[in-house]
Number of protein chains: 2
Amino acid sequence: MTSENKSSGATFAQHKPDVETTGTGLKRWLLSKLVHHIGYPPIRIVLWDGTSWVDHAHQTIATVYIKNKTWLTRLILNPDLYFGEAYMAGDIEVEGDLESALQAVYKSRTAHANSTPAEQLTYAWRSWRRNNSMAGSRRNIHRHYDIGNDFYKLWLDREAMQYTCAYYESPEDSLEQAQLNKLEHVCRKLQLKPGQTVVEAGCGWGGLARYMARHYQVHVKAYNISEEQVKFAREKVREESLDHLVEYVLDDYRNINGDFDAFVSVGMLEHVGKENYPALGSIMRRALKPDGLGLIHSIGRNYPAPMNAWIDKRIFPNAYPPSISEIMPIFEPNGLSILDIENLRQHYTQTLRDWLQRYEEHLPEIRKHFDEPFVRAWRLYLAGSAASFAGGYLQLFQIVFTHGENNNLSRTRKHLYMDASDEKGFHGSI
Amino acid sequence: MTSENKSSGATFAQHKPDVETTGTGLKRWLLSKLVHHIGYPPIRIVLWDGTSWVDHAHQTIATVYIKNKTWLTRLILNPDLYFGEAYMAGDIEVEGDLESALQAVYKSRTAHANSTPAEQLTYAWRSWRRNNSMAGSRRNIHRHYDIGNDFYKLWLDREAMQYTCAYYESPEDSLEQAQLNKLEHVCRKLQLKPGQTVVEAGCGWGGLARYMARHYQVHVKAYNISEEQVKFAREKVREESLDHLVEYVLDDYRNINGDFDAFVSVGMLEHVGKENYPALGSIMRRALKPDGLGLIHSIGRNYPAPMNAWIDKRIFPNAYPPSISEIMPIFEPNGLSILDIENLRQHYTQTLRDWLQRYEEHLPEIRKHFDEPFVRAWRLYLAGSAASFAGGYLQLFQIVFTHGENNNLSRTRKHLYMDASDEKGFHGSI
């Protein structure tokens, strides 16, 4: 972003600070360094001894208490990483709405600040140690997705256990309805017909595969390297008597073979690693019949940027949300043709807010199984992600593609938007 | 494309030629070199003296007569360029459907052949002399668009004189209806509301600007550097009493200034030049209000490739259809967010076939004003372009974008697909 940014960030650039800092000496100086690095946000900051900073030119939207002196210098060196670490440890408390506070800081940092040298070093180091080999991917995925199905059941939707962006056709849609809407939207984009074959790369708890089988009578082969998820998916598909149509394969997407009418991957690309994109595209090309359709649903960005250091360390090791220019090496070297890209960013804001609300409602149960740093880490991750989508720092792209030579294409996208009263209606339940 | 291409190209890779060549000596050897370069297409080739080549393993779909010996070695050096030159001169005749013949050759070349060294040299030279400075752009645009409005009137749609891809909601739509559909589709994507302001970069004969003013009561400032087109547009807007809403500006898009609710550019990006993309994006960012929407409609590709040498020389000097990865430097460095990309490739095939049919119907009038090489050049250009879209070598991207921070976005794309019976109905006439 440049200084002539026209959008809301510009209000910061033109803004004349009216700063009030209490306290003296080193602490006061360190506090002024910190607020400089994070771009003078509309946040009151209070240290352990009452030293405080506030910019009266803004309406203050939250107060951040830094309760322990060990964090101040670290926050200056790498705010993203150490804010998360200190929050987890209970040494930072936020008074006011956590998502709004985070969104305000992201905005002031984007408008004003550059990476600190320590952040750049951290990022370089993380880039170097990235490991999305098959074994590396198994370790990374195990750490996040194998926390325990019971944990995710508490706050994901109860119908399809979707841990990806929902689709709120109406702002009043429940999380359950919005996740079913998402599954239906994906199926419509793939134009599934009974008897077709689908391969799914990264199937989570298997909800999309079961939805496709139940509502579109297609055969689905769904890959996942998370043992907990595959175990759950296999039990569920037997319970629902759909196991003649759906096969869950505990294996890496790189081992996909066969010839399918559709390729689908919802929420896996974030874990693939940029270095593997051309190979992923080559797998898609091999897996797709000449008139097959594919869909990738992934978190992304408007422009290339490093992953938040704390999220990388604590939540999603080695994950990366790519920009569209970074995504294209999947398709372009493999002669695949982009038919449709839809950005569902605002739907992810709402999804994350719904998740966070349920998470907070189930804190008593969560606390029975997890310690306080874990509880705080997940709150921060959900609120911070909502703030990132709301602020436009993260996007959600649904990309439909096919072989470059395929002329068996729908003329318009009208079929995505038919009502339940239309001939081939919308499926309201899983 | 690699040799393991799964799609229809693969039939060539696996194909065992069953070649019959008549004649002897140098001519026979040169002919075999030529068919090697163009990848053994299902085309019979006959030289001036009756020497011929055919591959009986294919069903032959056309016969190409090379009627003059001066072309054979040149065709081997640079088939794209000299096929066009020889066809213009009347020294190549095609028996059979011209578009199908061209499509077959494009396909065999893509599946089999690499650029010849002469082609690579030609391309390097053309890249070097590219000139999309303001003066260079004026010269390039003058050469194509100022041929004369009367010429284009003969074969473009009669309603809106659109020289860009139409949108056939139904395969039975007339060219006129499909062009109006396109204008409406663009307006809906921009979500225009009465009283808003729109800036258009590259407005052709001004049809979109007039449509927007008439049907959406918006104020449009439309830029174009083609004198003939602007003259026509200004007359037309006065005739239609819309001149209080539409201003046509004879100027370069680089001189756009102001603050608009919408930015639109239909069929200009092809002429901008890759080196100017970040600057174009910067102009868009400056021109767009914080919650404004923008749309770019452009010919593109699935992967970067040089422009056809003959089209560059004779039809569109310095034009270039970019791939999506090549397009992204417009948006990403400028913090713009992609909301929607739609590929309308098949609609351009149909548009070009409609144009070609009308062109052929009006040959007697065209011949009154233009010589035979011109007549043949435009036939080849229209048929060759149809073949390129039909074969998947060219795409048509409609890209909707906004500022990265804009949260004033529609939830779904359903508003694009409402019927005439809906509240805010479709506008069936200009």
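1. Into which domains is chain A divided? Chain A splits into domain 1 (10-125) and domain 2 (134-417), with bounds that come from an automatic or database domain assignment. Their centres, taken over C-alpha atoms, are 34 Å apart.

2. A word on the ground rules. This is a predicted model, in which local features need pLDDT of at least 70 and side-chain atom pairs count only at pLDDT 80 or more, while totals for chains, interfaces and linings use all residues. Residues are numbered from 1 along each chain as its sequence is written, and chains are lettered from A and ligands numbered from 1 in the order in which they are written.

3. Now the contact between the two domains of chain A. Domain 1 of chain A puts in 19 residues and domain 2 of chain A 20 residues; a contact here means C-beta atoms, placed from the backbone, within 7 Å. On the domain 1 side, α4 (79-88), α5 (98-112) and α6 (117-129) of chain A each give two or more residues, and α4(A) has the largest share, seven residues. Helices are DSSP runs of H or I, at least four residues, and strands are runs of E, at least two, numbered from the N terminus. By class, that side of domain 1 has nine nonpolar, five polar and five charged residues. Ala, Val, Leu, Ile, Met, Phe, Trp, Tyr, Cys and Pro count as nonpolar, Asp, Glu, Lys and Arg as charged, and the others, Gly among them, as polar.

4. In helix α4 (residues 79-88) of chain B, 10 of the 10 residues are buried, so the helix is largely enclosed by the rest of the structure. Buried means 20 or more other C-beta atoms within 10 Å of the residue's own, with C-beta atoms placed from the backbone. Among them are B:D80 and B:E85, along with B:F83 and B:Y87. After α4(B) comes B:G90, with a positive phi near 80 degrees.

5. On to the chains. 44 residues of chain A touch 44 residues of chain B. On the chain A side, β11(A) gives the largest share, eight residues, and the classes come out as 14 nonpolar, 19 polar and 11 charged. β11(A) pairs with strand β11 (residues 336-343) of chain B, antiparallel, over three bridges; pairing takes at least two DSSP bridges. There, A:I341 has B:I341 as its bridge partner.

Definitions and conventions: A residue is buried if 20 or more other C-beta atoms lie within 10 Å of its own, exposed if 12 or fewer, and partly exposed in between; C-beta atoms are placed from the backbone.
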